[in-house]
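Subject: Structure for you to look at

Hi,

Here is the structure I promised to hand over. Please open it first, then read my notes below.

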Amino acid sequence: MLITQKKQYALRAIFELAKQKGAGPVKAATIAEVQAIPLRFLEVILSHLKRSGMVASKRGFYGGYMLLRPPEQITVGDLFRHLEEPDFPADCIACVHKKNCPFVGNCVF
C-alpha cells in the first residue's frame with residue numbers, strides 16, 4: 001500500500017480531532033496550524049472525510065470539525081480505505097499487472 005502525503009495528513013488530522021474530543025468542534029485552521037498541514041489541502045481532506053461519514057462539520061463562529069465515532073473505533077485501515085482513489089490498482093506497487101489488474105477491489109495487499 002502506498003502511503004501518500006494525503007493519507008499522512010488525514011491521519012494527523014484525525015489524530016488532532018481525537019485529541020480535542022469533547023472540546024467541541026475544531027476549526028480547520030487550528031488543525032492545520034498544530035499539525036503543520038497546508039490549510040487548502042486539509043480542507044479537501046476534511047471534505048472527503050465528511051462525505052465518507054468519519055467526521056462532521058458545524059458552520060458558524062463556533063463551528064469546526066468533529067469525529068462521528070469514538071477515536072478508539074477508528075482504525076488506520078478504515079481511514080486509508082476511505083481515501084483510496086478509484087485508480088489505485090494502476091498505481092499499486094505490489095501488483096505485477098500495473099494495468100488491467102485481475103484483483104481490482106479484491107487485492108489482499
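Arginine 69 is partly exposed, at 26% relative accessible area. Buried means under 20% relative accessible area, exposed means over 50%, and partly exposed lies in between (1.4 Å probe, protein chains only). The side chain of arginine 69 meets that of aspartate 78 in a salt bridge, at 3.9 Å from N to O. A salt bridge here is a side-chain nitrogen of Lys or Arg within 4 Å of a carboxyl oxygen of Asp or Glu.

Keep in mind that this is a predicted model: local features need pLDDT of at least 70, side-chain atom pairs count only at pLDDT 80 or more, and totals for chains, interfaces and linings use all residues. Residues are numbered from 1 along each chain as its sequence is written, and side-chain values use heavy atoms, with hydrogens and water left out.

Which other residue forms a salt bridge with aspartate 78? Arginine 81 does, with the closest N and O atoms 3.1 Å apart. Arginine 81 and aspartate 78 are three residues apart in helix H4 (residues 76–83), so about one helical turn separates them. Arginine 81 is exposed, at 55% relative accessible area. Shared partners join Arg69, Asp78 and Arg81 into one network of salt bridges.

The structure holds three salt bridges. One of them links lysine 19 and glutamate 16, at 3.2 Å from N to O. Both residues lie in helix H1 (residues 5–19), three residues apart, or about one turn of the helix. As background, side chains of opposite charge can pair when their charged atoms come close.

Now the overall layout. The chain has five helices and two strands, in the order α-α-α-β-β-α-α. Helices (H or I, at least four residues) and strands (E, at least two) are DSSP runs, numbered from the N terminus.

Strand S1 (residues 55–58) and strand S2 (residues 64–67) pair in the antiparallel sense over four bridges. Two strands pair if DSSP finds at least two bridges between them. Alanine 56 faces methionine 66 of S2. Five residues sit between the strands of this hairpin, and glycine 60 takes a positive phi near 105°.

Last, the chain as a whole. Of its 109 residues, 30% count as buried. Among contacts (heavy atoms within 4.5 Å) between residues at least 6 apart in sequence, 55% join residues at least 24 apart.

Best wishes
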